[in-house]
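Let's walk through this structure together, one piece at a time. Keep the sequence and the 3D view side by side as you read.

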Amino acid sequence: MFKYCKKLQYPINIKKKDLRMAKYLVTQYGGSNGELAAALRYLNQRFTMPDDIGKALLTDIGTEELAHVEMISTMIYQLMKDASIKEIEDAGLDTHYAEHAKALYPTDANGVPFTVTYFATTGDPLADISEDMAAEQKARAVYENLIDLTDDPDVIGPLLWLRQREIVHYSRFKDLFEYYEKKLKNGANEFKEMPASNNDYYMNNFLENPMNNFTNDTFLMNKMHLDNNEFFM
Ligand SMILES: [Fe+2]
């Protein structure tokens with residue numbers, strides 16, 4: 001069962017329209033490395049994880065990815081909502097407008113519509129979690145590409161935050177991968193507890209002490225100083 005909180009996971013308040021950025025950003029909605037693919041990937045794979053530890057982690061992260069879909073969608077909406085038809089045409093979004101007006105629609109940055117072939121479920125925990133680790137790294141890289149394409153702090157702030165969540169997710173999946181790898185090697189009853197803490201711990205720790213895990217993150221430190229000193233609000 002899901003409960004809906006009527007707030008975004010991280011505040012979005014973009015004051016300047018930017019159709020060019022909306023066109024790029026949509027890939028984190030409906031592209032192969034985007035948030036929709038991530039949410040559906042984890043929320044499908046969770047059922048065949050071999051124990052409650054894996055099911056819980058995939059459910060936690062899959063649910064959070066839905067919150068990220070909502071953030072990206074809000075950003076695209078705010079970037080586009082005040083644009084004139086002329087501006088839409090000039091930005092090359094006329095074909096989007098013909099089909100959808102200013103409505104949201106999941107595509108990548110080239111306009112290719114979302115497809116379920118962006119994710120897999122094999123029923124094999126090691127194969128599925130390997131895909132998840134790669135997906136998080138690719139999502140992180142795409143966030144960095146997107147951050148390079150804007151100088152608006154209202155856009156950079158949420159993108160930096162989302163990028164960091166990909167890093168945390170990668171590390172949670174890596175813990176889970178190593179746990180199952182040992183468990184499968186040593187017999188199913190060998191490991192009853194996953195040694196590392198759960199995602200809630202990382203989430204809370206991150207929100208309370210955002211700098212804890214990232215002080216040697218050069219990309220983050222550079223972007224904070226150059227583009228967005230308001231990042232940690
Ligand atoms: Fe993620």
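**Helix 7 and its neighbours**

Helix 7 has 24 residues and spans 35 Å from its first C-alpha to its last, close to the 34 Å expected at 1.5 Å a residue; the expected span is 1.5 Å times one less than the number of residues. Helices here are DSSP runs (H or I, at least four residues), as strands are (E, at least two), and they are numbered from the N terminus. Please keep in mind that this is a predicted model: local features need pLDDT of at least 70, side-chain atom pairs count only at pLDDT 80 or more, and totals for chains, interfaces and linings use all residues. Residues are numbered from 1 along each chain as its sequence is written.

Stepping back for a moment, the protein has 10 helices and zero strands. Of its 233 residues, 34% are buried. A residue counts as buried if 20 or more other C-beta atoms lie within 10 Å of its own, as exposed if 12 or fewer do, and as partly exposed in between, with C-beta atoms placed from the backbone. Among contacts between residues at least 6 apart in sequence, 76% join residues at least 24 apart. Two residues are in contact if their C-beta atoms, placed from the backbone, lie within 7 Å.

Back to helix 7. Its buried residues include Asp128, Asp132, Ala135, Glu136 and Ala139. What lies against this helix? One partner is helix 3, whose axis is 11 Å from that of helix 7, at an angle of about 165°. That makes helix 3 roughly antiparallel to helix 7. Axes are lines fitted to C-alpha atoms, for helices over the stretch in contact, and angles run from 0 to 180 degrees between N-to-C directions. Angles under 35 degrees count as roughly parallel, over 145 as roughly antiparallel, 65 to 115 as roughly perpendicular and the rest as oblique.

On the helix 3 side, Ala38, Arg41, Tyr42 and Gln45 meet Asp128, Asp132, Ala135 and Ala139 of helix 7. Sorted by class, the residues of this contact are four nonpolar, one polar and three charged. Here Ala, Val, Leu, Ile, Met, Phe, Trp, Tyr, Cys and Pro count as nonpolar, Asp, Glu, Lys and Arg as charged, and the others, Gly among them, as polar. Helix 3 (residues 35-45) is itself mostly covered, with eight of its 11 residues buried. Its cover includes helix 2 (27-30) and helix 4 (52-80) as well as helix 7 (125-148).

Another partner of helix 7 is helix 8: their axes come within 9 Å and cross at roughly 160°. That makes helix 7 roughly antiparallel to helix 8. By class, their contact has 18 nonpolar, three polar and eight charged residues.

Is Tyr170 buried, partly exposed or exposed? Tyr170 is partly exposed, because 18 other C-beta atoms lie within 10 Å. Not counting residues up to four places away in sequence, Tyr170 touches Met133, Glu136 and Gln137. Tyr170 and Glu136 are 34 residues apart in sequence, yet 5.5 Å apart in space, C-alpha to C-alpha.

Finally, look at the loop between helix 6 (94-100) and helix 7, where Ala101 is found. Most residues other than glycine have a negative phi. Ala101 has a positive phi of about 50° although it is not a glycine. Ala101 is exposed, because 10 other C-beta atoms lie within 10 Å.
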